[in-house]
Amino acid sequence: MASIRQRGRNSWQITVSCGYKSNGQKDTKQMTVKRPEGLTDKQWDKQLDDLAHDFEKKVKNGTYLDGSQMTFAVFVDLWIKDYASTELAPKTFYRYQELLKRILPAIGHITLQKLQPNHLMDFYANLKEKGIRSDPTYIAKPDLMEIMNNQGFTDKKLADSSGIDIRTIRKTLNYKSIKHTTAQAIAKSLNVKVDRVFVINGEPAPLSDQTIKHHHRLISSILTFAVQWQLILSNPAERVRAPKVEAKEPEHYDEDTTETMLELLDKEPLKYKTMIYLTLYTGCRLGDLSGLEWSDVNFENKLLRIRQASQYIPGQGTFTKAPKNETSSRVISLPEIVISLLKEYKVWWNEQKLSCGDQWDKTSDRIFVQWNGKPIHPSTPTKWFKSFRERNNLPVLKFHGLRHTNASLLISNNVDVQTVAKRLGHSKATTTTSIYSHFLRKPDREAAEKLDNMFGKKKQIRTTQKQA
């Protein structure tokens, strides 16, 4: 039978004997548990007996996991197998795997019970140093053009072979900096090593505080599972102050710049104009936009349903998934200007389908497609918007900034936060308040000024009259 003894004011140790080791010493397994708050002595005695019985059963059948022997790396493998690989969204899982490439070499060898706050603080300090990033940018060597000519590659042929947008290929040939993945794809198409045709463009910048915080959150989340699975008594990451990230106003366009942008869009291809209008007027995410189908548009009632997202992960390709969370599945009212634009675009879309004939992909009903009806790559709107900005000398703004622009314009026009949250697909209005706190201060200032206009000026008049 398992034995129980109290170790501290609020902790108990459960011990199970497994006989003797080969050297004659007793072989025991131990687990320490804490008494939850709010339990009576009788309730805790029963729960403690149940824990002891369950612990003994796991030890006897070989399913008990020992936190004093298990390293953080081994537990991460278990966490991935029993939780992350099945419960996390594909893109989240991919991002976590990328973060673990830095985390595991640093603390993976430490056993769970020996992992201390100082190990984590040392790791975060190391992440702030230069040279930690593994994604330097590259610049083409003159050899690139020579090899292309020898192999009969034009810029278009190289774009088709590598899967890289032709604008990026031309940018590369003009000796502009490109990402590591782009350099790899081009080198692979030419059947040469990356360093044969590219040179690293300076030293990679250090990790941002926000990225370091993402490492901290992942470590803390994994260790929370270790606590829940009773491998450790407490989470050491909870005793470490997360790297401080300065709150910044979300990048967005103001009303005047937005109006200028909309005027410029009148000269652009209808497909991309429709993309920008939909994003600006609904605040949808990039993945939501790429995942839209014609069945999601209710022309009669002027409604748009968001129910799926299109995403891309290196090595896995493009796939369709449910939106970010339950509240991300939503129905949004559309203004007449967007409905009219969608009707015009639908006519153009049908004409493209007819002209393409048998080459058109009849399995897809996506709103935004390639020339042959296949869904666009999720990064297509981003790349086009960047090119559009640069051609028209608009202020720098990422495509996601259009979502922020939508929110800022709604808030500045006194739309209540709850409505804004629902349109954006936030699970809580507090999320909206947190992200857009800068914008919410404007109505607050206006409210203070209105009160000042109501009473301050009257008081000033009374004071002036008294002095007279």
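In this predicted model, helix 8 spans residues 180–189, and its buried residues are Thr182, Ala183, Ala185, Ile186, Ala187 and Ser189. The cover over these buried residues includes strand 4 (138–140), helix 5 (143–150), helix 6 (155–162), helix 7, helix 9 (194–197) and strand 5 (198–200). After helix 8 comes Asn191, with a positive phi near 60 degrees.

Now let us turn to helix 15, which can be described in a similar way. Helix 15 covers residues 380–391, and Pro381, Trp384, Phe385, Ser387, Phe388 and Arg389 are buried there. Among the elements that cover them are helix 7 (166–173), helix 11 (255–265), helix 12 (270–282), helix 13 (286–290) and helix 16 (401–412). How far apart are the end C-alpha atoms of helix 15? They are 17 Å apart, which agrees with the 16 Å that 12 residues should span at 1.5 Å a residue. Helix 15 is followed by Asn393, whose phi is also positive, near 55 degrees.

Next come two pairs of packed helices. A pair of this kind is described by the angle between the two axes and by the distance between them. The table sets out both pairs.

| Pair | Angle | Axis distance |
|---|---|---|
| Helix 2 (residues 72–87) and helix 3 (residues 90–107) | roughly 170 degrees | within 11 Å |
| Helix 12 and helix 15 | about 100 degrees | 11 Å |

Helix 12 and helix 15 pack at about 100 degrees, and that angle makes helix 12 roughly perpendicular to helix 15. On the helix 12 side, the contact is made by Tyr272, Met275 and Ile276, and on the helix 15 side by Thr380, Pro381, Trp384 and Phe385. By class, this contact has 6 nonpolar residues, 1 polar residue and no charged ones.

The axes of helix 2 and helix 3 cross at roughly 170 degrees. Because of that angle, helix 2 is roughly antiparallel to helix 3. The crossing of helix 2 with helix 3 is right-handed. Which residues meet here? Helix 2 brings Phe72, Ala73, Val76, Trp79, Ile80, Ala84 and Ser85, and helix 3 brings Phe93, Tyr96, Leu100, Ile103, Leu104 and Ile107. These residues divide into 12 nonpolar, 1 polar and no charged.

Two single residues round out the picture. Met261 lies in helix 11. Is Met261 buried or exposed? With a relative accessible area of 0%, Met261 is buried, since buried means under 20%. Apart from neighbours within four places in sequence, Met261 is in contact with Tyr253, Ile276, Leu280, Phe385, Phe388, Leu394 and Leu402.

Gly283 sits in the loop between helix 12 and helix 13. Gly283 counts as buried too, because its relative accessibility is 0%. Leaving aside neighbours within four places in sequence, its contacts are Leu278, Arg330, Arg403, Asn406 and Leu424. How many residues separate Gly283 from Ala407 in sequence? The separation is 124 residues, while their C-alpha atoms are 6.9 Å apart in space.

Technical notes:
Residues are numbered from 1 along each chain as its sequence is written. This is a predicted model: local features need pLDDT of at least 70, side-chain atom pairs count only at pLDDT 80 or more; totals for chains, interfaces and linings use all residues. Side-chain values use heavy atoms; hydrogens and water are left out. Axes are lines fitted to C-alpha atoms, for helices over the stretch in contact, and angles run from 0 to 180 degrees between N-to-C directions. Helices (H or I, at least four residues) and strands (E, at least two) are DSSP runs, numbered from the N terminus. Angles under 35 degrees count as roughly parallel, over 145 as roughly antiparallel, 65 to 115 as roughly perpendicular and the rest as oblique. A crossing is left-handed if the near helix is turned anticlockwise from the far one by less than a right angle, and right-handed if clockwise. Contact means heavy atoms within 4.5 Å. Ala, Val, Leu, Ile, Met, Phe, Trp, Tyr, Cys and Pro count as nonpolar, Asp, Glu, Lys and Arg as charged, and the others, Gly among them, as polar. The expected span of a helix is 1.5 Å times one less than its number of residues. Buried means under 20% relative accessible area, exposed over 50%, partly exposed in between (1.4 Å probe, protein chains only).
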